[in-house]
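Dear colleague,

Please find below the structure that I am handing over to you. My notes on it follow directly after.

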Amino acid sequence: MHRNAMLMRRIRLIDNPPEDNGGGAGGNDEPVDWEAKYKDAVKHSREWEKRAKDNKMAADELEKLKESQMSEAEKTARRINALEKENAAYKAEKQQDAWKTEVSKKTGVPADLLRGSTLEDIQAHAEQLDAVLHPKPKAPQVHGAERQPEGVDADSERRSYLHRLLGNE
């Protein structure tokens with residue numbers, strides 16, 4: 001630490017170095033008590049953790065109090081609402097499975113690989129996977145300077161040349 005302080009005195013900075021609030025030359029030489037700072041931060045963290053737990057307990061107590069003051073009709077309505085949401089989630093999942101099966105049959109991509117919540121999302125994902133799983137064959141490349149017109153091969157071209165040469169057309 002002492003060596004760094006000596007180097008800092010020798011280094012010329014473009015900006016002015018930060019000034020000491022203590023005003024003394026020994027202000028930068030004092031070591032920082034990192035362990036004390038760590039313990040202080042842990043103490044602060046524990047304090048906020050305790051507050052959060054207390055707030056959670058208070059919120060739970062308030063919920064219980066509200067629930068005890070509800071009438072049977074309100075409790076039943078709340079339960080019905082929860083069951084309707086659960087039922088809607090099951091129906092949506094069943095519909096998505098049906099879409100995945102349908103798209104899987106069309107594209108040949110396994111249904112368990114498909115992702116998405118709408119038919120369009122599932123189809124787009126299937127197209128992406130189909131391109132990877134079933135690549136389309138590429139046309140063979142012709143290596144050579146000349147390409148033959150369709151219906152003409154190398155032998156028929158030679159025969160034609162010989163016929164013209166011999167005058168047998």
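Is the crossing of α3 and α4 left-handed or right-handed? The crossing of these two helices is right-handed; a crossing counts as left-handed if the near helix is turned anticlockwise from the far one by less than a right angle, and as right-handed if clockwise.

Please note that this is a predicted model, in which local features need pLDDT of at least 70 and side-chain atom pairs count only at pLDDT 80 or more, while totals for chains, interfaces and linings use all residues. Residues are numbered from 1 along each chain as its sequence is written, and side-chain values use heavy atoms, with hydrogens and water left out.

The chain has five helices and zero strands, in the order α-α-α-α-α along the sequence. Helices (H or I, at least four residues) and strands (E, at least two) are DSSP runs, numbered from the N terminus. Of the 169 residues in the chain, 6% are buried, that is, under 20% relative accessible area with a 1.4 Å probe, counting protein chains only.

Two packed helices are described by the angle between their axes and the distance between the axes. Helix α3 (residues 72-107) packs with helix α4 (residues 119-133) at an angle of about 35°, and their axes are 10 Å apart. Axes are lines fitted to C-alpha atoms, for helices over the stretch in contact, and angles run from 0 to 180 degrees between N-to-C directions.

From α3, Gln 96, Trp 99, Lys 100, Val 103 and Thr 107 meet Leu 119, Ile 122, Gln 123, Ala 126 and Asp 130 of α4. This contact comprises five nonpolar, three polar and two charged residues (Ala, Val, Leu, Ile, Met, Phe, Trp, Tyr, Cys and Pro count as nonpolar, Asp, Glu, Lys and Arg as charged, and the others, Gly among them, as polar). The buried residues of α3 are Lys 100, Val 103 and Ser 104, and they pack against α4.

Asp 130, in helix α4, is buried because its relative accessible area is 17%. Apart from neighbours within four places in sequence, Asp 130 is in contact (heavy atoms within 4.5 Å) with Thr 107, Val 109, Pro 135 and Lys 136.

Gly 108 follows α3 and has a positive phi, near 85°. Just after α5, Gly 167 also takes a positive phi, of about 75°.

Yours sincerely

Terms used. Buried < 20%, exposed > 50% of the residue type's maximum accessible area, 1.4 Å probe, protein only.
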